[in-house]
Amino acid sequence: MTYPIILCEDQIVQLNQLETIVQNYILFHTDLFKIQLKTQSPFEVLKYLEKFKPKQGIYFLDIDLASSLDGIDLAERIRASDVQSKIIFVTTHDEMMPLTLRRRVEALGFVTKDQPLDDYRSEIVELLTLAQQRIDATRESQSQAFTFSIGSQTFSIDKQEIALIEPSGLPHRVLLNTQNGHYEFYGNLNELGEKYPYLFRINRNCLANLNNMTEVDFKSREIHFGAELSRRFARGKANKIKEQLKL
C-alpha cells in the first residue's frame with residue numbers, strides 16, 4: 001500500500017522545487033509514498049479528494065493560493081474528507097500560524113519559504129520523516145486490532161484478547177470468542193482469515209489465535225484457551241501448528 005502525497009502551490013517554480021525535494025526523499029527513504037497530484041489549483045485537490053477518497057494522505061499546501069479558496073480553507077476540506085491526513089503548510093505567511101490553530105486543521109508542520117534552501121529542504125525532510133513515523137505507528141496499531149460491526153456500532157478488539165472465531169447457529173454469522181466475552185456478527189471465515197493472518201485455521205469451521213492458547217494436546221488434538229474453552233484441530237494441521245508455535 002502506498003500513501004499519496006499532494007502538492008498545492010500557486011507559484012510554478014516553487015511547486016517544482018517542492019516536488020524535487022519530495023521525490024528525492026521518496027527515492028532514498030521509502031517506497032510507501034508517491035506523489036499523486038501536483039497542482040497550482042486548490043480546486044484540483046478537491047476534485048482529487050472526491051474522485052479517489054484518499055486515506056492518510058500527506059498534503060503540502062501554500063496558504064496564499066491566489067484563489068477564492070486559500071490553503072487554510074482547503075485544509076479544512078481535506079481534514080473533513082481524509083481524517084487521518086498529514087497537512088503541512090509551506091508559505092511565506094508565518095503570521096497565519098495562529099489562524100490554523102483556531103481553525104483546528106491540526107497541521108503536522110509549518111515551513112517558511114523565505115529561508116536558506118538547505119534549511120528549507122531539511123525541514124521538509126524532517127516533516128516527511130515524522131509523517132512516515134506517524135503512519136507506521138497507525139499501521140501497527142491497526143494491525144493489533146480486530147474490527148467488526150454489530151448493527152450501527154463498530155467494535156475494535158485488541159488481537160491479544162482474541163481466542164477463536166467459528167460459525168454461529170445463524171446463517172452468514174460468526175461467533176467471536178474473546179477473553180472477556182462473545183460477539184456474534186455478520187462475517188465469513190475465509191474473508192476473516194485473509195484479513196487477519198494471525199488467525200490460524202485449525203479446522204474447517206474454526207479460526208484460532210494460537211498466540212493466546214494456554215495448552216495444546218497433540219494426542220487428543222485439542223487446543224485450550226483457558227479452562228472452559230477448547231477446540232479440536234484437524235489431523236492434518238498438527239505439523240503446521242507445531243511450525244506456528246515453533247515446537
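Predicted model: local features only at pLDDT ≥ 70, side-chain atom pairs only at ≥ 80, totals over all residues.
Which residues does D62 touch, not counting residues up to four places away in sequence?

**View 1. D62 and its neighbours.** D62 touches C8, E9, D10, G71, V90, T91 and K113, leaving aside residues up to four places away in sequence. This aspartate sits in the loop between β3 (58-61) and α3 (71-81). D62 has a relative accessible area of 4%, so it counts as buried. An unreviewed UniProt entry places the feature "modified residue: 4-aspartylphosphate" at D62. C8, one of the residues that D62 touches, has 1% relative accessibility and therefore counts as buried too.

**View 2. The salt bridge between K113 and D62.** Here the side chains of K113 and D62 meet, with 3.1 Å from N to O. K113 lies in the loop between β5 (109-112) and α5 (117-143), and D62 in the loop between β3 and α3, so this pair ties together parts that are 51 residues apart in sequence. Both partners, K113 and D62, are buried.

**View 3. The salt bridge between K38 and E19.** The structure holds 7 salt bridges, and this view takes a look at another of them. K38 forms a salt bridge with E19, and their closest N and O atoms are 2.8 Å apart. The pair links distant parts of the chain: K38 belongs to strand β2 (residues 33-39) and E19 to helix α1 (residues 12-29), 19 residues apart. Buried, exposed or partly exposed: how does K38 count? With 33% relative accessibility, K38 counts as partly exposed. E19 is partly exposed as well, its relative accessible area being 21%.

**View 4. The salt bridge between R173 and E184.** The side chains of R173 and E184 meet in a salt bridge of 3.9 Å, N to O. R173 is in strand β9 and E184 in strand β10 (residues 181-186), so the contact ties together parts that are 11 residues apart in sequence. R173 counts as partly exposed because its relative accessibility is 22%. E184 is also partly exposed, with a relative accessible area of 30%. Elsewhere, salt bridges that share partners join E9, D62 and K113 into one network.

View 5. N177 has its place in strand β9. Is N177 buried or exposed? N177 counts as buried, because its relative accessibility is 3%. A polar contact of 3.0 Å joins the side chains of N177 and H182. Not counting residues up to four places away in sequence, N177 touches E161, I162, A163, L164, E166, H182 and L229.

View 6. How many residues does the largest nonpolar core have? There are 24, and those with the most contacts inside this core are I5, V22, F33, F60 and I124. At least two residues of the core come from each of β1 (3-8), α1, β2, β3, β4 (86-91) and α5. Looking in on F33, you will find that this phenylalanine touches Y3, I5, Y25, I26, I58, L128, A131, Q132 and I135, again not counting residues up to four places away in sequence. Another core, of 20 residues, lies apart from the largest one, and L37, V45, Y48 and L69 are among its members.

**View 7. Two loop residues with positive phi.** K53 is not a glycine, yet its phi is positive, at about 45°. K53 lies in the loop between α2 (42-52) and β3. At 56% relative accessibility, this lysine counts as exposed. H172, also not a glycine, has a positive phi of about 65°. The loop that holds H172 runs between β8 (162-167) and β9 (173-178). H172 is exposed, its relative accessible area being 66%.

View 8. How many disulfides does the model have? The count comes to 0, where a disulfide would need a pair of cysteine sulfur atoms within 2.5 Å. C8 is buried at 1% relative accessibility. C206 is buried as well, with a relative accessible area of 1%.

Note on methods. Residues numbered from 1 in each chain as written. Heavy atoms only, no water. Buried < 20%, exposed > 50% of the residue type's maximum accessible area, 1.4 Å probe, protein only. UniProt positions renumbered as here; feature names shortened; annotations may be inferred. Helix = DSSP H or I, 4+ residues; strand = E, 2+ residues; numbered from the N terminus. Contact = heavy atoms within 4.5 Å. Polar contact = N/O pair within 3.5 Å; in protein donor to acceptor, adjacent residues only side chain to side chain. Salt bridge = Lys/Arg side-chain N within 4 Å of Asp/Glu carboxyl O. Core = buried A, V, L, I, M, F, W, Y, C linked by side-chain atoms within 4.5 Å.
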